[in-house]
Amino acid sequence: MSEPLGLFGGTFDPVHFGHLRLAEESIDHLDLAGVRWIPAGQPPHRGVPQVTAEQRLEMVRRSTANNSKFSIDASEVAAAAPSYTVHTLERLRRELGDGPSLVLLVGADAFAGLPTWHRWRDIFALAHVAVSHRPGFPVEAASLPQDLAGEFADRRLADAAGLKQAPAGGIVTFAMTQLAISATQIRRLLANGQSARYLLPDGVLDYIQANQLYKST
Ligand code: ATP
């Protein structure tokens, strides 16, 4: 089986160096062919958005453009209805077939919330899940919701080589450079008129300033 493809979904509101290092380091740690970034569409409960899905997508475009191993899937942004990860994975399977190994990349906080996702158990029939460590969020069975701890115990792969032995169904963890950066922190800094420089790429910050984004919470 060829090198697995990483899939990295998120709100990216805005994209920052925590996201970029996760994607970059996953390629080496998990021996991935590349990472496909999948910015989420606009969540329905947010009301009139301050930053549109197209603007979040544009910031991901700017920060990933010069990396040949990164690609972007804009279909969740383009969709009128809210997209669930399981639907996106089903679409990708229709596009790519059942053969290729697909690896959904998530931070430890997102992984702990997996049981709240639509049809979450079906995700394992469609992709592997790779969990990166994130400051403040331990990845261990004892701190996971019970249902997820069971899946974690049953599906955990000894190492990333297992990602090439099946197209889906395993869980791996990997240690990345610990960066306690969050989009929430960046939005707060910008709303308070404080500097967010060096937490995210300059090109993204330039775009934020040119479009006067995140001026208030
Ligand atoms: P917010 O603060 O708005 O909740 P966020 O910074 O957590 O945003 P998301 O777009 O929600 O960013 O995250 C997308 C994915 O990236 C998730 O799987 C999340 O766990 C992961 N992630 C985000 N920031 C980091 C980080 N600093 N280190 C490791 N993983 C991260």
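The model is predicted, with local features requiring pLDDT of at least 70 and side-chain atom pairs pLDDT 80 or more, while totals for chains, interfaces and linings use all residues. Residues are numbered from 1 along each chain as its sequence is written, and side-chain values use heavy atoms, leaving out hydrogens and water.

Asp109 also reaches the ligand, with a polar side-chain atom 2.5 Å from a ligand oxygen atom. Gly107 takes part through its backbone, where an N or O atom lies 2.9 Å from an oxygen atom of the ligand. The protein covers 87% of the 600 Å² of accessible area that the ligand has on its own (Shrake-Rupley method, 1.4 Å probe).

Who are the neighbours? The shell around the ligand holds 21 residues, of which His19, Asp109, Leu179, Ala183 and Thr184 come nearest; a residue is near if one of its heavy atoms lies within 4 Å. By class, the shell has 9 nonpolar, 9 polar and 3 charged residues, where Asp, Glu, Lys and Arg count as charged, Ala, Val, Leu, Ile, Met, Phe, Trp, Tyr, Cys and Pro as nonpolar, and the others, Gly among them, as polar. At least two shell residues each come from strand 1 (5-10), helix 1 (17-30), strand 4 (102-107), helix 5 (108-112) and helix 8 (183-191); these elements are DSSP runs numbered from the N terminus, helices being H or I of at least four residues and strands E of at least two.

Most residues other than glycine have a negative phi, and most peptide bonds are trans. In the loop between strand 1 and helix 1, Phe12 has a positive phi near 50°. Phe12 is buried at 3% relative accessible area (buried means under 20%, exposed over 50%, partly exposed in between; 1.4 Å probe, protein chains only). The peptide bond from Asp13 to Pro14 is cis, with omega near 0°. Pro14 and Ile186 are 172 residues apart in sequence, yet their C-alpha atoms are 7.8 Å apart in space. Ile186 belongs to helix 8 and is buried, with a relative accessible area of 0%. Tyr198, in the loop between helix 8 and helix 9 (202-210), has a positive phi near 75° and is exposed at 60% relative accessibility.

Notes:
Polar contact = N/O pair within 3.5 Å; in protein donor to acceptor, adjacent residues only side chain to side chain.
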